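Trainee: I would like to learn how to read packing in a model. Where do we start?

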Amino acid sequence: MAPRRPLLLQLWVIGTLTLVLGVVTAALWWERQLPQRVLTASRDQDWAACLQASDQLNALRWLSDRVPAEQALCRRQQAAALWEGGNLDEALALQQQLVQSQQGTQADEQRLEAWRRDFRERALRLFQAGDLEGALNQLYALEQTQTGAGFSAALKEDWHRNRLESQRLLRVEEPRPRLL
């Protein structure tokens with residue numbers, strides 16, 4: 001007579017398989033309804049919701065090979081809305097994600113470079129107005145994308161060199177007592 005498998009082991013195997021099957025089914029269901037959410041959000045021009053749904057769809061990409069072009073549209077439009085709304089740091093980060101994705105275009109890269117130039121020009125204007133901290137804060141987003149760190153360091157160096165030069169000139173201009 002063959003030994004019987006313990007009832008507890010059979011229950012454990014059946015329970016585990018049921019749980020795994022349930023999770024996979026829920027993920028497939030969620031993944032199948034996300035493209036409609038992306039399309040609805042983009043049609044309604046709700047770029048934040050569109051971006052959220054497309055990011056979820058991208059996270060579930062292991063279930064299918066579809067990476068929607070709508071995600072690029074959502075990122076592009078949300079970045080533009082953030083830029084126009086004055087949320088420059090988030091806009092720059094989102095545009096950077098778009099450029100690094102497979103869906104980024106040459107126009108997206110040109111827009112990113114234009115925004116980076118704008119950041120540098122704003123920082124330079126703040127620096128020339130005497131606001132080193134404001135200029136460095138302006139460059140913080142660029143430093144996060146690895147392109148502005150050199151410019152920030154150059155501004156600090158110029159600031160300190162100018163400060164030392166100013167102090168040296170003040171010492172030279174101080175009136176000296178006359179000896180008779």
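Mentor: With one residue and its neighbours. Contact means heavy atoms within 4.5 Å. Beyond its neighbours within four places in sequence, Gln 95 is in contact with Ala 79, Asp 108, Arg 111, Leu 112 and Trp 115. A caution on sources: this is a predicted model, where local features need pLDDT of at least 70, side-chain atom pairs count only at pLDDT 80 or more, and totals for chains, interfaces and linings use all residues. Residues are numbered from 1 along each chain as its sequence is written, and side-chain values use heavy atoms, with hydrogens and water left out.

Trainee: Is Gln 95 buried or exposed?

Mentor: Buried means under 20% relative accessible area, exposed over 50%, and partly exposed in between (1.4 Å probe, protein chains only). Gln 95 has 0% relative accessibility, so it counts as buried. Gln 95 sits in helix 4. Helices here are DSSP runs (H or I, at least four residues), numbered from the N terminus.

Trainee: How do helix 3 and helix 4 cross?

Mentor: Axes are lines fitted to C-alpha atoms over the stretch in contact, and angles run from 0 to 180 degrees between N-to-C directions. The axes of helix 3 and helix 4 come within 8 Å and cross at roughly 160 degrees. Angles over 145 degrees count as roughly antiparallel. Helix 3 and helix 4 are therefore roughly antiparallel. On the helix 3 side, the contact includes Ala 79 and Trp 83; on the helix 4 side, Gln 95 is among the residues.

Trainee: What classes of residue make up the contact of helix 3 with helix 4?

Mentor: Ala, Val, Leu, Ile, Met, Phe, Trp, Tyr, Cys and Pro count as nonpolar, Asp, Glu, Lys and Arg as charged, and the others, Gly among them, as polar. This contact has 8 nonpolar, 3 polar and 3 charged residues.

Trainee: At what angle do helix 1 and helix 2 pack?

Mentor: Helix 1 (residues 7-43) and helix 2 (residues 47-59) pack at about 155 degrees, with axes 8 Å apart. They are therefore roughly antiparallel too. Trp 30 of helix 1 and Cys 50 of helix 2 are among the contact residues.

Trainee: Which residues have the most contacts inside the largest nonpolar core?

Mentor: A nonpolar core is a set of buried Ala, Val, Leu, Ile, Met, Phe, Trp, Tyr and Cys residues joined through side-chain atoms within 4.5 Å. The largest has 27 residues, and Cys 50, Trp 83, Leu 92, Trp 115 and Phe 119 have the most contacts inside it.

Technical notes. Helix = DSSP H or I, 4+ residues; strand = E, 2+ residues; numbered from the N terminus. Parallel < 35°, antiparallel > 145°, perpendicular 65-115°, else oblique.
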